[in-house]
Amino acid sequence: MKKQKSVLEYACRHGVIDRLLEEYITVCHNGEDAEDKKKASKGRSRFPNVAGFCGYFGIGESEYDELSQKYPDKFGKIKAIFEDEALNSEISPALLSAYLKKRFGYDKGRETESRERSLNIVFEHDIFGDGE
């Protein structure tokens with residue numbers, strides 16, 4: 001059975017993914033229905049993110065990851081835009097930190113840095129020759 005192409009894959013192939021991303025972000029900031037628009041007018045808009053983007057266009061994160069492998073330039077741009085949206089959002093610092101660590105690997109640099117600074121002990125003598 002052949003897998004049906006998603007809206008996002010179609011958009012990538014036809015060069016309109018930027019418009020869909022803009023549509024999603026606009027809906028997050030301005031709302032989709034009257035209740036959302038009322039919340040947005042009070043400064044409580046939705047936070048644009050990868051999971052919401054996937055849900056909005058009816059795909060799972062695994063398909064998102066597959067598409068990001070297939071269209072790395074387009075999804076690299078999407079990733080950068082979501083990172084910018086996160087950094088400029090008004091969500092709590094704790095939530096922002098967790099999101100950036102999980103989605104964008106912000107904590108991976110520290111792991112590498114701490115491994116590079118770790119002490120490496122080397123013994124350079126013949127233990128069988130001790131006492132000779």
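Visitor: What share of the contacts in the chain with a separation of 6 or more comes from residues 24 or more positions apart?
Guide: This is a predicted model, in which local features need pLDDT of at least 70, side-chain atom pairs count only at pLDDT 80 or more, and totals for chains, interfaces and linings use all residues. Residues are numbered from 1 along each chain as its sequence is written, and side-chain values use heavy atoms, with hydrogens and water left out. Contact means heavy atoms within 4.5 Å. Of the contacts in the chain with a separation of 6 or more, the share from residues 24 or more positions apart is 57%.

Visitor: What pattern does the secondary structure follow along the sequence?
Guide: Helices (H or I, at least four residues) and strands (E, at least two) are DSSP runs, numbered from the N terminus. The chain has 8 helices and 0 strands. Read along the sequence, the pattern is α-α-α-α-α-α-α-α.

Visitor: What percentage of the residues of the chain count as buried?
Guide: Buried means under 20% relative accessible area, exposed means over 50%, and partly exposed lies in between (1.4 Å probe, protein chains only). Of the 132 residues of the chain, the buried ones make up 28%.

Visitor: How far does helix α2 reach from its first C-alpha to its last?
Guide: Helix α2 covers residues 17–30, which is 14 residues. The expected span of a helix is 1.5 Å times one less than its number of residues. For α2 that gives 20 Å, and the reach in the model is close to it, at 20 Å.

Visitor: Why do the buried residues of α2 lie on the same side?
Guide: The buried residues are Ile-17, Leu-20, Leu-21, Tyr-24, Ile-25, Val-27 and Cys-28. They sit on the same side of α2 because of the arc they cover around the axis, which is only 155°. The arc is that of the directions from the helix axis to the C-beta atoms. The face turned away from this buried side carries two exposed residues, Arg-19 and Glu-22.

Visitor: Which helices do the buried residues of α2 pack against?
Guide: One of those buried residues is Tyr-24, with a relative accessible area of 2%. Not counting residues up to four places away in sequence, Tyr-24 touches Phe-47, Pro-48, Asn-49, Gly-52, Phe-53, Tyr-56, Phe-57 and Phe-82. Taken together, the buried residues of α2 pack against α1 (7–13), α4 and α6.

Visitor: How far apart in space are Tyr-24 and Tyr-56?
Guide: Tyr-24 lies in helix α2. In sequence, Tyr-24 and Tyr-56 are 32 residues apart. In space, C-alpha to C-alpha, the separation is 7.3 Å.

Visitor: Which exposed residues does the face of α5 turned away from its buried side carry?
Guide: In α5 the buried residues are Glu-63, Tyr-64, Leu-67 and Ser-68. Their arc around the axis is only 140°, which puts them on the same side of α5. What covers them includes α1, α4 and α6. The face turned away from them carries the exposed residues Ser-62 and Gln-69.

Visitor: At what angle do the axes of α5 and α6 cross?
Guide: Two packed helices are described by the angle between their axes and the distance between the axes. Axes are lines fitted to C-alpha atoms, for helices over the stretch in contact, and angles run from 0 to 180 degrees between N-to-C directions. Angles under 35 degrees count as roughly parallel, over 145 as roughly antiparallel, 65 to 115 as roughly perpendicular and the rest as oblique, and α5 and α6 are therefore oblique to each other. The axes of α5 (residues 61–70) and α6 (residues 72–87) come within 5 Å and cross at roughly 120°.

Visitor: Which residues of α6 do the residues of α5 meet?
Guide: From α5, Tyr-64, Leu-67, Ser-68, Gln-69 and Lys-70 take part.

Visitor: Is Glu-90 buried or exposed?
Guide: Glu-90 has its place in the loop between α6 and α7. With a relative accessible area of 79%, Glu-90 is exposed.
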